[in-house]
Amino acid sequence: MGVIGTLLLATTLAGVVGTGIGGLIGALLQKNSNRMVSLLLSFAGGVMLSVVCCDLVIEAVETEVGIWIVVAAVAVGVAVTYLLNYLIDLKTNPEVAHIDENHPKTADDLDELIHSDHFRHHQAEKGNKMGLFVAGVVMACAIALHNVPEGMTIGASYASNDAVLGNAALLLAVLIGLHNIPEGMAVSVPLISGGMGKAKAVLITAASGIPTVLGALLGFALGEIGAIGLAMSLGFASGAMLYVVFGEILPQSILMYHSKLPAFSTIVGILVGLIVIFA
């Protein structure tokens with residue numbers, strides 16, 4: 001199998017298959033366990049922190065393009081991801097009744113993170129088909145916004161290892177696949193509850209993981225340009241992931257399950273990440 005073929009296979013398993021498995025679980029159970037999802041998300045967030053801070057950022061610095069370029073790329077990754085999330089929230093939150101001035105300023109359930117609650121709201125109205133279509137597009141964009149930088153981290157890590165799928169890239173692929181399972185559950189459940197057939201809902205849910213593959217190709221292509229391209233790809237993907245972890249995953253996991261267990265789960269994730277990277 002060629003270089004691109006290996007990358008496509010890894011990210012397809014992580015994005016499409018991982019999300020599809022979540023969709024299948026959601027179709028069978030038609031419910032989410034807040035405790036399970038919270039601990040899975042916080043563990044994934046911990047591993048992501050290890051990989052970003054102890055591998056990807058270090059590799060970006062080792063390109064020797066200058067620390068300021070790396071810092072700027074990370075900052076741009078954070079800023080772009082935050083801005084796009086902000087614009088999506090600005091469009092959707094006012095249309096969902098329970099999100100008001102008393103609601104936490106971040107998602108406290110997975111359906112809010114990917115805006116399937118907004119989609120479900122338009123389903124319940126059974127009125128404006130264009131509104132339902134737009135809500136579906138918004139949900140797809142919200143999922144893509146998380147999946148593209150996830151894929152970029154795999155692609156950039158792959159490029160930094162001379163197109164060899166090393167431990168860090170493999171770990172990221174497995175981790176992202178696990179992270180996409182609860183995300184897939186949150187996509188399929190509202191589709192099925194709105195009357196869609198289970199098989200079709202699972203297929204649509206699996207297709208929502210395709211942006212992971214596109215992100216991997218983008219990250220790899222930038223990494224192949226040269227040292228500056230690799231540093232920018234690693235830095236941007238790292239910044240986007242840092243925002244997702246600190247701005248969304250960790251606050252959400254704590255709000256979903258009020259306990260100290262998400263904190264311990266994050267610490268375990270960090271330690272597992274260190275073992276995989278350096279053992």
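**Notebook: helix 3 and selected residues**

I looked up glutamate 95 and recorded it as partly exposed because its relative accessibility is 26%; buried means under 20% relative accessible area, exposed over 50%, and partly exposed in between (1.4 Å probe, protein chains only). The model is predicted: local features need pLDDT of at least 70, side-chain atom pairs count only at pLDDT 80 or more, and totals for chains, interfaces and linings use all residues. Residues are numbered from 1 along each chain as its sequence is written, and side-chain values use heavy atoms, with hydrogens and water left out.

**Entry 1: salt bridge.** I searched the whole structure and found 1 salt bridge, defined as a side-chain nitrogen of Lys or Arg within 4 Å of a carboxyl oxygen of Asp or Glu. The side chain of glutamate 95 meets that of lysine 91 in a salt bridge at 3.4 Å, N to O. Lysine 91 has 38% relative accessibility and therefore counts as partly exposed.

**Entry 2: confidence.** I noted a mean pLDDT of 83 for the protein, with 93% of its residues at 70 or more; pLDDT is the predictor's confidence in each residue, from 0 to 100. Where pLDDT is low, the predicted coordinates should not be read in detail.

**Entry 3: helix 3.** Helices are DSSP runs (H or I, at least four residues), numbered from the N terminus. I found that helix 3 has 26 residues and reaches 38 Å from its first C-alpha to its last, close to the expected 38 Å; the expected span is 1.5 Å times one less than the number of residues. Its buried residues are Val70, Ala73, Val74, Gly77, Thr81, Asn85, Ile88 and Thr92. I listed what covers these buried residues; the cover includes helix 2 (34-61), helix 5 (116-125), helix 6 (129-160) and helix 10 (227-256). Leucine 84 also belongs to helix 3 (residues 67-92), and counts as partly exposed because its relative accessibility is 37%.

**Entry 4: covering helices.** In helix 10 I looked up glutamine 252, which is buried because its relative accessible area is 0%. Not counting residues up to four places away in sequence, glutamine 252 touches Leu41, Ala107, Asp108, Asp109, Leu110 and Leu113; contact means heavy atoms within 4.5 Å. In helix 5 I looked up alanine 124, which is exposed because its relative accessible area is 59%. Alanine 124 and leucine 242 lie 118 residues apart in sequence and 35 Å apart in space, C-alpha to C-alpha.

Methods
Helices (H or I, at least four residues) and strands (E, at least two) are DSSP runs, numbered from the N terminus.
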